[in-house]
Amino acid sequence: MSVFVVIFGASVLGRPELDGPAAALLDHFMNFFCKVQIYPEDESILMLLFKEGDRTKILAEYTSMNGTIAEFPMIARSYHEGYLECEARVQNNSLIQPTISDRHYLKVVEPVQGAEVVVQSGPVEFHGGKTLELRCDVVAGNHISYSWLVNGRPVSPSPLRNATQNQLFIYRTTPQDSGSYMCVATNQLNETQVFTSNSSEVLITVKESVSNPDISFTVLKEATQDYYALVTCQSTRGTPPITFSLYNSTEFVINETVEDRTSAFTIPVVLGRHLGWFQCQADNGDQIAYSPRMPLEVVPVGGPVTMSDHYDIGENFAVIGLRFYCKAAKGSHLRYQWFLNKTLLAGQGTFYRVVHQPPHQSILLLAVGRSSAGTYHCEVSDSFDETTVIRSEKRYFDKEVLNRLPIWVVAVVFGCFIFLVSMVSICCCVGVVFRRRQYGEKSLNDLEMESVVVTHEDELDSEEYREEADVVKAARIDESDQESEASTDEWPQIAEEKTTLEDEPVEEP
């Protein structure tokens with residue numbers, strides 16, 4: 001029996017329920033269902049399928065009688081994707097308000113196809129330091145996830161590598177970022193239906209900018225007795241091909257493009273003449289790199305050839321090592337040779353080692369011993385021509401000769417010893433005389449001090465004497481005063497006695 005509710009003479013229509021797939025393949029069949037639990041009896045109910053927020057376009061409709069479930073068969077289109085709603089309304093009865101179901105989300109999946117890598121940053125070959133921007137485009141597909149591979153391996157994320165959606169950014173590129181890049185685009189309907197499209201590989205070449213080249217030259221002699229300089233330009237870094245150009249000051253001489261980092265040019269030379277200042281320039285498509293300017297001048301060997309020595313002193317002041325230096329007065333490309341007696345010393349032996357420092361000098365390091373004793377000299381010639389050879393003076397040495405003190409050394413040491421003894425003696429004499437003088441001055445000072453003390457004591461004694469005399473004198477004055485007073489008191493008695501005597505008659509004998 002149907003259930004309905006009557007309010008103010010009108011029936012109430014229940015809220016419909018929408019059911020259907022959560023995802024569907026594009027252009028594939030799908031089916032949705034809508035049912036109403038509460039409905040008026042003997043009324044036809046119109047079921048409509050809409051996109052949420054859009055009532056202008058009906059996606060599907062169905063007329064239900066007596067509560068039958070509405071069915072919406074459809075072919076999935078891309079515009080079907082989104083939230084769907086089912087609306088139920090009673091036909092021919094405007095008094096009953098329509099009702100709307102809860103929304104239902106539908107994802108329409110289009111299988112991914114035609115993945116392709118696009119280089120957004122520009123050419124596939126460029127110099128390091130720039131940013132590489134790659135984008136993965138597809139012909140068809142949605143809900144796609146992207147991954148990137150280089151040389152068949154996943155691109156590892158880092159602060160300088162950032163993959164965002166279908167783009168890959170590599171900042172401050174280096175030659176290590178070169179390789180074959182491809183993208184993999186993937187989408188899926190469910191866990192079992194996964195669609196993948198791999199792009200073709202794009203070869204990216206990050207070139208290393210060429211470094212400033214070094215310039216040098218060697219001199220060679222032709223069979224025709226002519227001389228020429230082999231000028232070498234060499235860079236330590238840079239991706240080939242590299243074009244090397246040679247300039248004399250600002251004048252272009254010659255250039256060459258090589259698949260290496262080194263190039264050599266042949267320049268005719270005249271001995272003893274300055275041919276100018278030469279410079280190498282290197283270019284592999286980025287900025288041009290420059291070498292220092294080099295003077296091109298070949299100076300033949302010239303004498304004299306001098307030979308000097310230096311000793312290494314060990315314990316007990318014994319000579320344990322010796323160094324010979326060989327130098328020529330002039331020459332730009334020199335060849336040095338050392339000889340013991342008439343034997344050529346080359347490289348390193350049991351008691352010696354040759355160190356060449358062309359063109360300035362050559363050094364022969366010797367260990368002092370029985371095998372190193374003999375006569376030494378050096379010979380200097382041009383490295384490109386041995387026609388002219390200049391020899392140094394010869395020097396003999398052995399262990400006994402090296403450790404024997406020369407006469408002039410003994411004389412100097414003895415003279416220094418005598419000088420030190422004399423200086424010490426003079427210092428002692430001067431010290432004694434100065435001490436005596438200082439002692440005499442001290443004695444006079446003591447006498448003066450004693451006389452001053454005695455005089456001071458005499459003055460003190462005289463002052464005490466004067467004080468005592470004054471005391472005695474004052475005492476005597478007091479005594480005299482007392483006697484005067486006493487005599488003044490006795491004076492009337494004496495006067496009476498005198499008067500008495502005068503009054504008494506004098507008896508005549």
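## A hairpin and its neighbour

Let's start with strand 22 and strand 23, which form a hairpin with five residues between them. In the turn, Gln225 has a positive phi of about 70°. This is a predicted model, so please read every value here as computed from it. Strand 22 (residues 214-221) pairs with strand 23 (residues 227-234) in the antiparallel sense, over eight bridges.

## Around strand 35

Next comes strand 35 (residues 361-367), which is mostly covered, with five of its seven residues buried. Six bridges join strand 35 to strand 34 (residues 352-357), and the two run antiparallel. A hairpin through three residues links strand 34 to strand 35, and Gln357 has Gln361 as its bridge partner. The loop between these two strands holds Pro359, and the peptide bond from Pro358 to Pro359 is cis, with omega near 0°.

Strand 35 pairs with strand 31 as well, again in the antiparallel sense and over six bridges. One of the contacts to look for is Gly321, whose bridge partner in strand 35 is Ala367.

## Aromatic rings

Strand 31 brings us to the aromatic residues. A search of the whole structure finds nine aromatic pairs. Among them is the stacked pair of Phe324 and Trp338, with 6.4 Å from centre to centre and 25° between the planes. Because Phe324 lies in strand 31 (residues 319-330) and Trp338 in strand 32 (residues 334-340), the pair ties together parts that are 14 residues apart in sequence. Are these two residues buried or exposed? Both Phe324 and Trp338 are buried. They also belong to one aromatic cluster, together with Tyr376 and Phe397.

The charged end of Lys57 sits over the ring of Tyr79, 3.8 Å from its centre. Likewise, the charged end of Arg103 sits over the ring of Tyr83, 3.9 Å from the centre of that ring.

## A nonpolar patch

Which residues make the nonpolar surface patch of about 500 Å²? The patch is made by Phe419, Leu420, Met423, Ile426 and Val430. Ile426 lies in helix 2 (residues 407-503). With a relative accessible area of 49%, Ile426 is partly exposed, because the exposed class begins over 50%.

## Backbone details worth a look

Most residues other than glycine have a negative phi, and most peptide bonds are trans. A few places in this model depart from that pattern. Pro240 and Pro241 are joined by a cis peptide bond with omega of about 0°, and Pro241 lies in the loop between strand 23 and strand 24 (242-248).

Asp27 is not a glycine, yet has a positive phi of about 65°. Asp27 lies in the loop between strand 4 (23-25) and strand 5 (29-36), and counts as partly exposed at 46% relative accessibility. Arg172 also has a positive phi, near 50°. Arg172 is found in the loop between strand 18 (167-170) and strand 19 (179-188), and counts as exposed at 59% relative accessibility.

Conventions
Residues are numbered from 1 along each chain as its sequence is written. This is a predicted model: local features need pLDDT of at least 70, side-chain atom pairs count only at pLDDT 80 or more; totals for chains, interfaces and linings use all residues. Side-chain values use heavy atoms; hydrogens and water are left out. Rings of Phe, Tyr and Trp (its six-membered ring) pair if their centres lie within 6.5 Å; planes under 30 degrees apart count as stacked, over 60 as edge-to-face and the rest as tilted. Helices (H or I, at least four residues) and strands (E, at least two) are DSSP runs, numbered from the N terminus. Buried means under 20% relative accessible area, exposed over 50%, partly exposed in between (1.4 Å probe, protein chains only). A charge sits over a ring if NZ of Lys or CZ of Arg is within 6 Å of the ring centre and within 35 degrees of the ring normal. Two strands pair if DSSP finds at least two bridges between them. Patches are made of residues with over 30% relative accessible area and no salt bridge: like charges are joined within 9 Å, nonpolar side chains (Val, Leu, Ile, Met, Phe, Trp, Tyr) within 5 Å. Accessible areas come from the Shrake-Rupley method with a 1.4 Å probe; for residues, only the protein chains shown count as cover. A salt bridge is a side-chain nitrogen of Lys or Arg within 4 Å of a carboxyl oxygen of Asp or Glu.
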